[in-house]
Every structure is written in C-alpha cells, then in structure tokens.
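Please keep the sequence and the model in view while reading.

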Amino acid sequence: MPYESITLKKELIIDEIVSIHCFQSISDFVFQEKSHDFWEFLCVEKGAVHASAGSATYTLNKDSILFCQPREPHSVRSKGDVASSLISIGFICASPAMDFFRGKILEIGPSERLLLRKIIQEASLTYSCPLDGPCCQKLSRRDSPDVPFGSEQLILIYLHQLFIQLIRNHREDSAFAAIPKSVRKRGEDELFYKIISYMEEHIDEHLTIQQICRDNLIGRSLLQQIFRDNTGYGIIDYFSLMKITAAKQLIRSRQMNFSQIAEHLGYNSIHYFSRQFKKLSGITPSEYAASIKLGIRLQESSPEPPFHAHNRSQNAGHTSPHTDI
C-alpha cells in the first residue's frame with residue numbers, strides 16, 4: 001500500500017510582523033493612546049505599568065501579557081517610580097484562534113519567557129533598528145552576511161509556539177489547564193527563582209559557579225541546565241547580563257555617576273565596567289546615557305510605537321547620570 005501524505009492543520013497563522021520592541025521604561029513615561037489595524041501585545045518582564053485598552057485601565061505586573069486587538073485604542077504609562085522592562089510586538093493575524101486573546105490578560109511562565117527572549121535575540125541579529133528604543137516604527141533587515149540563516153522563520157516559529165502554549169495553558173477545556181497552575185509553577189520555578197534571588201542579593205559581588213553551587217546546595221550540571229532551559233544562557237553569562245541591566249537602571253535613575261555605579265555593582269575598575277557594558281549592550285555607558293536623552297525627545301516629538309499586552313476582568317499585576325566613559 002503506497003504512503004499517503006497528510007496536510008497539517010494550522011490552527012493559527014501569523015502573516016506579518018509589524019514591530020518588535022524590548023526596552024526599559026523611564027521615569028514618568030507615557031505612550032499616548034492610539035490604535036492600529038493589527039494585533040499588539042505588551043509583556044512586562046520586570047516591574048509594573050499602567051495600561052489601557054478600550055475603555056478599561058489595568059495594572060500589569062511582572063509576567064503579565066496584555067493583548068490589544070486591531071483598532072482598539074490603547075496606551076501605557078509608568079507606575080510611579082517603579083522601573084519596568086517591557087517587550088512589545090505588533091503582528092498581523094486573521095486566524096479565528098486569536099479570538100481567545102480578546103479581553104484577556106494572561107500570565108506567562110519560564111517557557112514563555114524563554115520564547116520571548118529567543119524572539120528578541122533573533123530579532124536583534126536580523127534587524128538594524130534598535131529594539132531597545134520604543135520609537136522605531138519599521139523593521140529594516142540588516143544588510144550583512146552575519147545574519148543567521150532562517151532567523152525570521154525562527155521568530156515566526158517562536159511566536160506561534162508562544163501563542164499556542166498560552167492558549168493551551170489558559171483554556172478551561174485544555175488538558176494542560178487541568179493541572180493546577182500553582183503546582184505547575186511551583187515545580188517549574190522554585191529552584192530557578194531561588195537562585196535568581198540569590199544573585200540579586202549578591203549583584204555587587206564577583207560570583208563563581210562553585211560559590212553559587214555551594215551556597216544553594218545544587219550540582220554544577222543541574223544548575224547550568226536550569227539556566228539554559230529558562231533563559232538560554234549559562235549562569236555566569238546571565239549574571240553578567242543582570243549586572244548590566246542593573247547598571248542601565250542606575251543610569252536612568254540619575255542617582256550615581258559611572259564610577260559609583262561600577263563600584264556599586266562590584267566591578268574592579270570603571271574601565272572594566274565600560275568594556276563589559278559595551279560588550280553586552282553594543283554601546284558604552286556614555287552612549288547609553290545619551291540615547292536615553294535622545295529617546296525622551298523622540299517620545300515627545302514622534303508618534304508612539306505599537307504595543308502589546310491576563311483576563312482583563314482581573315488585575316495583572318525608570319531610570320538615568322554622569323562621568324564620560
């Protein structure tokens with residue numbers, strides 16, 4: 001009997017990507033209300049923001065994701081002095097499955113966080129416009145042979161997987177939803193977040209893998225596996241990123257100069273701090289501080305970017321100094 005092929009069923013098809021942003025909010029920022037003819041979502045990686053969609057206003061906390069349907073007016077603003085990290089993606093999708101996201105604020109877990117970071121990582125290698133500024137309104141491909149093979153296809157795959165997992169995990173008739181969320185989250189997150197908290201408490205130190213393993217009673221291979229699975233990075237690389245993220249927040253707060261920030265975060269010298277900052281951010285601390293000032297002016301004079309974002313019937317839940325480097 002000859003083999004017969006089967007056409008795979010596609011429940012959800014994203015046709016185009018409109019925008020991708022990953023940025024940290026500044027003090028008292030406001031993205032004015034606007035609407036678009038495409039879907040958008042906003043995900044809070046850290047901190048909290050106030051967001052509106054339609055006639056309702058919500059507080060989005062860490063790991064909240066808010067969806068705005070096409071032509072739905074929406075806006076977002078800072079929550080007091082709370083520093084926030086946000087991911088925003090605009091896309092075109094006419095699939096009926098998108099009806100699930102209408103009127104919802106959802107909560108993401110480690111696997112969804114990893115998918116979002118993978119999207120940002122691929123996008124940063126693929127597009128020339130800065131993703132950490134909220135004012136870029138057109139994705140331009142890099143004209144470079146260094147763009148990874150299949151990067152845009154991977155972005156699309158990760159985005160599809162993100163939406164499918166969200167529907168599976170939050171739909172009432174789903175087998176995945178039958179497992180209590182608290183049980184799933186506790187088993188998935190407990191050790192990972194314990195170590196994240198440990199590293200936050202020691203952000204001003206020079207940690208080694210041996211020290212982290214000893215203080216948290218965990219084996220080296222398991223530790224590396226947990227961080228690879230949850231972040232896509234090795235633990236020391238992730239700790240370095242945490243330090244630079246903290247440095248950016250301190251730069252935005254305008255409370256310390258660069259030398260004080262370097263000392264506060266446990267760097268041996270301001271020059272080593274500057275090298276690490278540029279290695280992981282692509283720009284120096286001085287250039288970053290200048291870009292913040294430029295970004296503020298652009299936000300005041302330029303159109304606001306698309307943004308994205310748990311069942312809305314629920315509540316989901318800044319920063320800049322300076323000696324030159």
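Which residues are buried in α8?

The model is a predicted one, and in it the buried residues of α8 are Phe273, Ser274, Gln276 and Phe277. Around the helix axis they cover an arc of only 165°, which means that they lie on the same side of α8. The face turned away from this buried side carries His271, Arg275 and Lys279, which are exposed.

Just after α8 comes glycine 282, whose phi is positive, at about 85°.

## Helix α6

The calculation can also be made for helix α6, which runs over residues 235-253: its 19 residues, at 1.5 Å each, should span 27 Å, and its end C-alpha atoms are 27 Å apart, in agreement with that expectation. Just after α6, arginine 254 takes a positive phi of about 60°.

## The five-stranded sheet

Five strands form an open sheet in the order β1-β8-β3-β6-β9, and their pairing is antiparallel. At the edges stand β1 (16-24) and β9 (105-107), each of which has a single partner strand, so one side of each is left without a neighbour in the sheet. From one strand to the next, the twist averages 15°.

Within this sheet, strand β3 (residues 39-46) pairs with strand β8 (residues 85-92) in the antiparallel sense, over seven bridges. As background, strands of a sheet pair through backbone hydrogen bonds, either parallel or antiparallel.

Strand β4 (residues 48-53) and strand β5 (residues 56-61) run antiparallel and are joined by six bridges. Serine 52 has threonine 57, in β5, as its bridge partner.

Two residues lie between the strands of this hairpin, and in the hairpin glycine 54 takes a positive phi near 70°.

Key. Residues numbered from 1 in each chain as written. Predicted model: local features only at pLDDT ≥ 70, side-chain atom pairs only at ≥ 80, totals over all residues. Heavy atoms only, no water. Buried < 20%, exposed > 50% of the residue type's maximum accessible area, 1.4 Å probe, protein only. Helix = DSSP H or I, 4+ residues; strand = E, 2+ residues; numbered from the N terminus. Arc of directions from axis to C-beta. Pairing = 2+ DSSP bridges. Axes fitted to C-alpha atoms, helices over the stretch in contact; angles between N-to-C directions. Expected span 1.5 Å × (residues − 1).
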